[in-house]
Amino acid sequence: MRYEYNLETGEMVELEDLPASPLEPKPEITSISMRQCRLALLQENQLDDVEALITTREQHIWWDYSIQVEKYNPLVQEIANALNWTPEYLTQLFELASTL
């Protein structure tokens, strides 16, 4: 509920909350948990392809021990480029992952 001051009567009037506008853009999802990431990749049949690209010790440490996956992390971008993912597909993956 929200309140508005009525200038004519000098009273506070209780008003119903307005529904969210369908035209408002939804916020971009830029961070997901590693669990959500792996589940989304598994669901999209991309997990094996991604894991095949994790080759260096530094990448393995990141993949095995990270808690969060950031969309704009250079390694995420490198993987997306190597697999020819469009920016739109990466966004869809993050949106899917956020629901898991």
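Which residues of helix H3 (residues 57-65) are buried? In the predicted model examined here, the buried residues of this helix are Gln-59, Trp-62 and Trp-63. Viewed down the axis of H3, these residues fall within an arc of 95 degrees, and they therefore line one face of the helix. An α-helix has 3.6 residues a turn, so residues three or four places apart point the same way. On the other side of H3, the exposed residues are Arg-57, Ile-61 and Tyr-65. The cover over the buried residues of H3 includes three helices, H1 (34-43), H2 (47-53) and H4 (74-82), together with strand S4 (68-70).

Two aromatic pairs were counted in the model. In one of them, the ring centres of Trp-62 and Trp-63 are 6.2 Å apart and the ring planes meet at 35 degrees, so the pair is classed as tilted. Both Trp-62 and Trp-63 are buried. Trp-85 and Tyr-89 form an edge-to-face pair, with a centre-to-centre distance of 5.5 Å and 65 degrees between the planes. Trp-85 and Tyr-89 are likewise buried.

Gln-46 is located in the loop between H1 and H2. With a relative accessible area of 16%, Gln-46 is buried, the cut-off for this class being under 20%. The loop between H1 and H2 also holds Asn-45, which in contrast is exposed, with a relative accessible area of 66%.

The backbone of Asn-45 has a positive phi of about 60 degrees, although the residue is not a glycine. Most residues other than glycine have a negative phi. A positive phi, near 60 degrees, is also found at Asn-84, again a residue other than glycine. Asn-84 lies in the loop that connects H4 and helix H5 (87-98). The relative accessible area of Asn-84 is 67%, and the residue therefore counts as exposed.

A further loop residue, Lys-71, is placed between S4 and H4. Because its relative accessibility is 4%, Lys-71 counts as buried. The side chain of Lys-71 makes a polar contact of 2.9 Å with the side chain of Glu-28. Apart from Glu-28, the residues touched by Lys-71 include Ile-29, Thr-30, Val-76 and Gln-77, as well as Leu-90, Thr-91 and Phe-94, with residues up to four places away in sequence not counted.

Note on methods. Residues are numbered from 1 along each chain as its sequence is written. This is a predicted model: local features need pLDDT of at least 70, side-chain atom pairs count only at pLDDT 80 or more; totals for chains, interfaces and linings use all residues. Side-chain values use heavy atoms; hydrogens and water are left out. Buried means under 20% relative accessible area, exposed over 50%, partly exposed in between (1.4 Å probe, protein chains only). Helices (H or I, at least four residues) and strands (E, at least two) are DSSP runs, numbered from the N terminus. The arc is that of the directions from the helix axis to the C-beta atoms. Contact means heavy atoms within 4.5 Å. A polar contact is a pair of N or O atoms within 3.5 Å; within protein, one must be able to donate a hydrogen and the other to accept it, and residues adjacent in sequence count only if both atoms are side-chain atoms. Rings of Phe, Tyr and Trp (its six-membered ring) pair if their centres lie within 6.5 Å; planes under 30 degrees apart count as stacked, over 60 as edge-to-face and the rest as tilted.
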